[in-house]
Amino acid sequence: MKVPLLDLKAQYAKIKDDVLAAVSEVLESQVCIGGAKVAELETKIAAASECKYAVGVSSGTDAILSSLMSLGVGRGDEVITSPFTFFATAGCIARLGAKPVFADIDPKTYNINPELIEAAVTERTKAVMPVHLFGQMADMDSIMAIAGRFGLAVIEDAAQSITAVYKNKRAGSIGTAGCFSFFPSKNLGGIGDGGMVVTNDENLHHKLVLMRNHGSEPKYYHSFIGGNFRLDPVQAAALLVELPYLNKWSRARRKNAAYYDAKFADTVVQTPYISPDCTSIYNQYVIRVPRRDEVVAHLKANDVGCEIYYPVPLHLQECFAYLGHKPGDLPESEKAAREVMALPVYPELTDEMQDHVAGTILEFLG
Ligand SMILES: Cc1ncc(COP(=O)(O)O)c(C=O)c1O
């Protein structure tokens with residue numbers, strides 16, 4: 001039996017006619033930049049995230065970049081974030097000439113450990129960027145308390161956690177801004193790159209709208225430098241078709257996660273920990289296993305998809321050598337990088353497929 005890590009074709013098959021019709025509508029209209037589809041998606045994502053405003057942008061990366069730019073983060077500033085995340089989180093900070101300052105993770109949730117943030121604050125710190133990893137939100141109460149004490153902006157990297165819940169609040173609605181990605185592998189994945197920033201701050205919203213369009217207001221007059229960070233209406237049209245399914249798909253992922261949890265109970269496989277404060281959308285189902293690299297090789301040899309998110313924590317990436325980190329500096333992130341692996345958890349997975357995935361792992365580990 002073959003079990004891919006993700007089966008986008010299975011999902012597309014169910015919505016194909018509607019996606020094609022929606023995309024065709026955009027093409028027939030020839031409104032190929034901006035327009036009603038982008039505005040409608042913004043309204044609906046803002047509502048789904050319980051935020052006042054949303055700004056469609058070209059990717060999750062550009063959601064982060066344009067948020068940092070709109071908050072005035074630049075040369076000489078510091079932004080505290082997690083080292084255990086996709087590269088974009090810290091890459092955007094560094095691209096602006098600011099310094100990514102890494103605080104280690106909580107080994108249970110893989111999210112930034114709030115207890116380590118305060119020690120990382122200096123007079124140059126401008127913002128904190130927690131990452132809601134794998135579909136579960138970070139400990140936002142503690143993070144907001146520290147940010148409040150030091151007057152820091154909070155940018156939620158919610159690329160993997162759209163509509164996830166922390167204490168009855170939605171991802172993106174607690175900090176100064178929240179950033180989503182519509183990369184195809186996300187719970188709400190487009191037909192290409194796309195992203196969105198949500199916020200409750202009217203001024204920030206206005207700045208973001210200009211920022212995604214080279215800071216232009218009025219047209220061809222620029223009081224600050226932005227970029228082309230616009231979301232295509234073709235993407236918005238496809239995402240509008242998918243959005244009504246998002247909760248159902250996330251529920252299916254939670255059901256699949258619970259099924260694995262039961263299969264791995266009382267074994268050497270360490271299943272994901274979800275805080276009682278959180279509802280995860282399980283963008284990834286990440287386990288810790290002994291002999292991780294051997295398990296990964298064995299699964300791949302047996303046509304079972306799996307992936308290591310992430311094999312190298314960001315403080316040890318070659319491009320960040322100038323920050324002067326060495327192995328051992330952020331031990332929980334380094335340990336996670338050695339021990340974790342993600343299993344297929346996508347909505348269309350069947351019990352038989354999950355039995356096969358779990359069985360292949362448990363059989364191998366004896
Ligand atoms: C945590 C995190 N941040 C940022 C991004 C960047 O999003 P995108 O790939 O849409 O640019 C991703 C997605 O890959 C991500 O997982």
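Colleague: What makes you say that the ligand sits in the largest pocket?
Modeller: The rule is that more than half of a molecule's atoms must lie within 2 Å of the pocket's grid points, and in this predicted model the ligand passes that test for the largest pocket. Helix H3 (60-70) and helix H4 (88-95) are the elements that give two or more residues to the shell around the ligand.

Colleague: Which element gives the largest share of that shell?
Modeller: That would be H3, with three residues. The shell as a whole has 16 residues, and the closest are Gly60, Thr61, Asp157, Ser181 and Lys186.

Colleague: How much of the ligand's accessible area does the protein cover?
Modeller: On its own the ligand has 390 Å² of accessible area, and the protein covers 92% of that.

Colleague: Back to H3, then. Why is H3 called largely enclosed by the rest of the structure?
Modeller: A residue is buried when its relative accessible area is under 20%. Ten of the eleven residues of H3 are buried, so the helix is largely enclosed. Those buried residues are Gly60, Asp62, Ala63, Ile64, Leu65, Ser66, Ser67, Leu68, Met69 and Ser70.

Colleague: Why is Ser66 called buried?
Modeller: Ser66 is part of helix H3. Its relative accessible area is 1%, and the limit is under 20%, so Ser66 counts as buried. A polar atom of the Ser66 side chain also lies 3.4 Å from the backbone oxygen of Ala63.

Colleague: And what happens at the start of H3?
Modeller: There, a side-chain oxygen of Ser59 comes to within 3.3 Å of the backbone nitrogen of Thr61. Just after the helix, Gly72 has a positive phi of about 80 degrees.

Colleague: Let's turn to strands. What makes strand E9 (residues 195-199) largely enclosed?
Modeller: Five of the five residues in E9 are buried, so the rest of the structure largely encloses this strand. Gly195, Val197 and Thr199 point one way, Met196 and Val198 point the other way, and all are buried.

Colleague: How do you know that strand E1 (residues 53-57) pairs with E9?
Modeller: Pairing needs at least two bridges. E1 and E9 have five, in the antiparallel sense, so they count as paired. Strand E8 (residues 177-181) qualifies too, running antiparallel to E9 with four bridges. Val197 in E9 is the bridge partner of Val55, and Val197 is also the bridge partner of Cys179.

Colleague: What makes E7 and E10 edge strands?
Modeller: They belong to an open sheet of three strands in the order E7-E6-E10, with antiparallel pairing. Strand E7 (169-170) and E10 each pair on one side only. Strand E6 (residues 165-166) and E7 are joined by two bridges. Val165 stands opposite Arg170 of E7.

Colleague: Why does Ser275 count as buried?
Modeller: Ser275 is in the loop between helix H8 (246-264) and strand E10 (278-279). Its relative accessibility is 13%, and buried means under 20%, so Ser275 counts as buried. The Ser275 side chain also reaches the backbone nitrogen of Asp277 at 3.0 Å.

Colleague: Why is Thr43 called exposed, and why is Asp355 called partly exposed?
Modeller: Exposed means over 50%, buried means under 20%, and partly exposed is in between. Thr43, in helix H2 (residues 36-48), has a relative accessible area of 56%, so it is exposed. Asp355, in helix H11 (residues 351-365), comes out at 30%, so it is partly exposed.

Methods
Residues numbered from 1 in each chain as written. Predicted model: local features only at pLDDT ≥ 70, side-chain atom pairs only at ≥ 80, totals over all residues. Heavy atoms only, no water. Buried < 20%, exposed > 50% of the residue type's maximum accessible area, 1.4 Å probe, protein only. Polar contact = N/O pair within 3.5 Å; in protein donor to acceptor, adjacent residues only side chain to side chain. Near = heavy atom within 4 Å. Areas by Shrake-Rupley, 256 points an atom, 1.4 Å probe, with all protein chains shown as cover. 1 Å grid on protein atoms, 1.4 Å probe; cavity = no way out; pocket = protein on both sides within 12 Å on 5 of 7 lines; lining within 4 Å.
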